[in-house]
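Welcome! Please have the model open as you read.

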Amino acid sequence: MDTSLAAPYTTAFGFERTVGPQIGAFLAGLRARRLLGVRVGEDRVLCPVAEFDPVTSAATGDLVELEPSGTVTAWTWVDPREGWDEPIDSPYAWALIRIDGADNTFFHRVDTGGDPARMTPGLRVRVRWAADPVGSIEDIVCFEPPAEPPVPGATDPGAEIGEPVATIEAPFHVDYTYVAGVGRSVYLRGMAERRFLARRCPGCHQVYFPAPDHCARCLQVLDAPFEISGTGTISTFCIVNLPFPGQLVDPPYVVAYINLDGTGNKLQHRVLEVAPDAVAVGMQVEPVWAPETDLEPSLASVRYFRPVDPTLRVPVADQEARDA
Ligand SMILES: [Zn+2]
């Protein structure tokens, strides 16, 4: 079949990071609905604040109170797609805003009620605060043209700022469609049949597994697929010691680059049924396939590789439980 496979993928990880004392104070200010800048050098002010002067790398100085208002300098208009989790109901702008009294620009949303024609260079805007500020950049829902007359109680210059924020949650999540391409789909379909299908370049004779459609060295279309055994040699490896979501076995275990016999490129996979400290560069390994019912057009059809030498093998604890 000369069509490409495609599959939905998600890349995600949780992430919590420290923010530093100056940004921590800035975030604590947002929690109190107060906008702080920071002095740098002789006469400049940054808002949002930074720990270090981006020009001289010197530590930034004293915090200063700023009016939560500014001027739009540049923007791009956003039509949110269905399913996006947006804090504003209508289309809006992502904009650079020069806060009054600051020398840099602040990147944030501007809400003009869904009307892109109201976005102009020099547009005056004010902060719209979140209903329940928590010490996050999202305590500013957006900027917006100031209401006439001003909304009473929208900001409170006397509010207690409190302790600096120490850490913030910054999780990462991307949903996307992986399109394998016609060439790689050949090897993926082979995986569903417990077959390693390699391809050779007619120009430079390089053999690939996994194989693309064109030679990476001379760009020629590769020859028809042929079957190889799937045994190979470890060319380099690492021992994974950190647990993270999605792992099929508990650490420690080995992930290796494996040069399959008869091929010139490398394959990355787990090496199990062996003590991690017994793994070595040059070790001969063989594939262990998933049960018939679990085979799919994916490298996951190979559960892992193990030493060819049975005297090096040890049982894999917990593996079947983690696979479930
Ligand atoms: Zn080639």
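Let us begin with a helix. In this predicted model, the buried residues of H1 are Gln-22, Ile-23, Gly-24, Phe-26, Leu-27, Ala-28, Gly-29, Leu-30 and Arg-31. That makes nine of the eleven residues of H1, so the helix is mostly covered. Its buried residues pack against E3 and E10. After H1 comes Arg-33, with a positive phi near 55°.

**The two domains**

The domain assignment of the protein gives domain 1 (20-165) and domain 2 (177-323). Taken over C-alpha atoms, the centres of domain 1 and domain 2 are separated by 49 Å.

In soluble globular proteins, nonpolar side chains tend to be buried together. Here, the largest nonpolar core has 31 residues, of which Leu-46, Cys-47, Val-49, Val-72, Ile-97 and Val-110 touch the most other members. At least two residues of this core are supplied by each of helix H1 (21-31) and strands E3 (35-40), E4 (44-46), E6 (69-78), E7 (92-99), E8 (106-110), E9 (124-129) and E10 (140-144). A second, separate core has 26 residues, among them Ala-211, Val-254, Leu-267 and Val-285.

Which residues does Val-110 contact, leaving aside its neighbours within four places in sequence? They are Val-72, Trp-75, Tyr-92, Ala-93, Ala-95, Met-119, Val-125, Cys-142, Phe-143 and Glu-144.

**Strand pairings**

Three strands form an open, antiparallel sheet in the order E14-E13-E15. Strands E14 (207-208) and E15 (226-228) are at the edges, each pairing on one side only. Strand E18 is largely enclosed by the rest of the structure, because four of its five residues are buried.

| Pairing | Bridges | Example of bridge partners |
|---|---|---|
| E13 (residues 196-200) with E15 | three | Ala-198 and Phe-226 |
| E17 (residues 253-260) with E18 (residues 267-271) | five | Ala-256 and His-269 |

**Back to two elements**

Two elements are worth a second look on screen. Strand E18 has four buried residues out of five and is joined to E17 by five bridges.

Notes
Residues are numbered from 1 along each chain as its sequence is written. This is a predicted model: local features need pLDDT of at least 70, side-chain atom pairs count only at pLDDT 80 or more; totals for chains, interfaces and linings use all residues. Domain bounds come from an automatic or database domain assignment. Two strands pair if DSSP finds at least two bridges between them. A nonpolar core is a set of buried Ala, Val, Leu, Ile, Met, Phe, Trp, Tyr and Cys residues joined through C-beta atoms within 7 Å. A residue is buried if 20 or more other C-beta atoms lie within 10 Å of its own, exposed if 12 or fewer, and partly exposed in between; C-beta atoms are placed from the backbone. Two residues are in contact if their C-beta atoms, placed from the backbone, lie within 7 Å.
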